[in-house]
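Try each one yourself before reading the solution.

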Amino acid sequence: QWPKSIEIVEVGPRDGLQNEQDLISTPDKIRLIQKLAESGVKRIEVTSFVSPKWVPQMADAAEVLAGIQLPDDVQQIALIPNEKGYERAKECGVNAIALVVGASSTFNQKNINMTTEESMQRLRPLVEQAKQDGMFVRAYVATTFGCPYENEVPLSKVLTMVEQFLAMGADEIDLADTIGIANPKQVFEVFTKAKAEFPQASFTAHFHDTRGMALANTLAAMQAGVTSFDTAIGGLGGCPFAKGAAGNGSTEDLVYMLESMGISTGLQIGKLYEAVDILLPLTKRQLMGHLYKVRDNG
Ligand code: HMG
Ligand code: MG
């Protein structure tokens with residue numbers, strides 16, 4: 001049984017651009033985000049308020065937010081790692097934040113410079129404050145399906161974090177395959193279990209396509225009842241602090257697959273190609289998406 005529609009959250013401007021070595025100008029980022037919004041996507045991770053020493057590419061988060069003008073019904077999400085990030089985001093008028101904690105503590109140390117437990121403890125009052133401030137809170141559990149530094153990430157640890165995030169008041173749980181190591185059977189099992197244990201929770205899946213498994217994993221998550229997915233334009237993306245991480249599943253590839261299955265996404269593929277055209281000259285990397293490469297073949 002397939003769903004009638006699927007929600008896509010565009011994470012390219014955040015997850016994608018954060019991994020670009022050469023600085024991309026603020027106007028170019030704004031142009032890309034504006035074009036993405038033209039595609040009809042209703043949720044975009046536009047930037048992150050992280051340390052500019054750790055991720056210089058995201059240093060212009062405030063300028064990007066000030067420069068974009070999106071329709072009122074497009075949610076603009078900013079990723080934040082800590083209190084300072086939260087204050088910076090709030091000052092910019094952000095009303096949707098994404099938190100990230102690794103289920104693997106080794107990964108979390110490398111990414112946020114805290115253990116998993118330290119992160120969860122520090123985020124509790126932060127989420128409380130965010131809810132008082134009327135923010136929408138999405139919470140990533142990174143390395144849900146595997147970690148480049150720890151051999152195994154127990155599902156019980158992931159589920160405990162889901163429970164803790166929900167208890168804090170998070171509105172959405174995003175289970176992420178940070179390094180693209182998940183397989184469809186595992187994805188089906190993890191989401192089936194998570195949804196059974198937390199039937200009221202909103203789950204999103206975030207797949208990196210390192211090993212070409214993102215679409216297969218998406219289908220497996222759909223079979224488990226997931227209807228919300230993060231993707232990045234062109235298949236851009238990757239976490240600079242996760243060894244071997246590559247791009248996210250590509251937005252236009254997912255739109256093509258779903259629409260050809262008769263499942264509505266609300267996104268126009270032509271506009272996504274226009275966004276790829278903006279992106280291509282900005283990156284030296286080979287984009288991981290498939291579809292834009294054959295777009296002229298009919
Ligand atoms: P730290 O060095 O431990 O920070 O880094 P600190 O608290 O000791 O502060 C050191 C300095 O940084 C201080 O400044 C702070 O003010 C400043 P100084 O006194 O030296 O001048 N600082 C900040 N400045 C701006 N914004 C902030 C901020 N916080 C502190 N928010 C920290 C800890 C969390 C800051 C750092 O580790 C960091 O920024 N990490 C973010 C790394 C990142 O962006 N990773 C990629 C995103 S996560 C991801 O991609 C995974 C995901 O896609 C899901 C998946 O695929 O799995 C979401
Ligand atoms: Mg990611």
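**Exercise 1.** At what angle do helix α8 and helix α9 pack, and how far apart are their axes? Keep in mind that this is a predicted model.

*Solution.* Start with the description you need: two packed helices are characterised by the angle between their axes and the distance between those axes. Here, α8 (residues 184-197) and α9 (residues 214-223) pack at about 30°, and their axes are 8 Å apart. Angles under 35 degrees count as roughly parallel, so α8 is roughly parallel to α9. As for handedness, α8 passes α9 in a right-handed crossing.

**Exercise 2.** Which residues make the contact between α8 and α9?

*Solution.* Take one helix at a time. From α8 come Pro184, Val187, Phe188 and Phe191. From α9 come Ala216, Asn217, Leu219, Ala220, Ala221 and Gln223. Now sort them by class: you get 8 nonpolar, 2 polar and no charged residues.

**Exercise 3.** How many residues surround ligand 1, and which are the closest?

*Solution.* The count is 26, with Ser51, Gly85, Ala142, Ala176 and Thr178 the closest. Next, look at where the shell comes from: α4 (83-91), α5 (105-112) and β5 (136-142) each give two or more residues. The largest share, 3 residues, belongs to α4.

Conventions: Residues are numbered from 1 along each chain as its sequence is written. Chains are lettered from A and ligands numbered from 1 in the order in which they are written. This is a predicted model: local features need pLDDT of at least 70, side-chain atom pairs count only at pLDDT 80 or more; totals for chains, interfaces and linings use all residues. A residue is near a molecule or strand if its C-beta atom, placed from the backbone, lies within 6 Å of it. Helices (H or I, at least four residues) and strands (E, at least two) are DSSP runs, numbered from the N terminus. Axes are lines fitted to C-alpha atoms, for helices over the stretch in contact, and angles run from 0 to 180 degrees between N-to-C directions. Angles under 35 degrees count as roughly parallel, over 145 as roughly antiparallel, 65 to 115 as roughly perpendicular and the rest as oblique. A crossing is left-handed if the near helix is turned anticlockwise from the far one by less than a right angle, and right-handed if clockwise. Two residues are in contact if their C-beta atoms, placed from the backbone, lie within 7 Å. Ala, Val, Leu, Ile, Met, Phe, Trp, Tyr, Cys and Pro count as nonpolar, Asp, Glu, Lys and Arg as charged, and the others, Gly among them, as polar.
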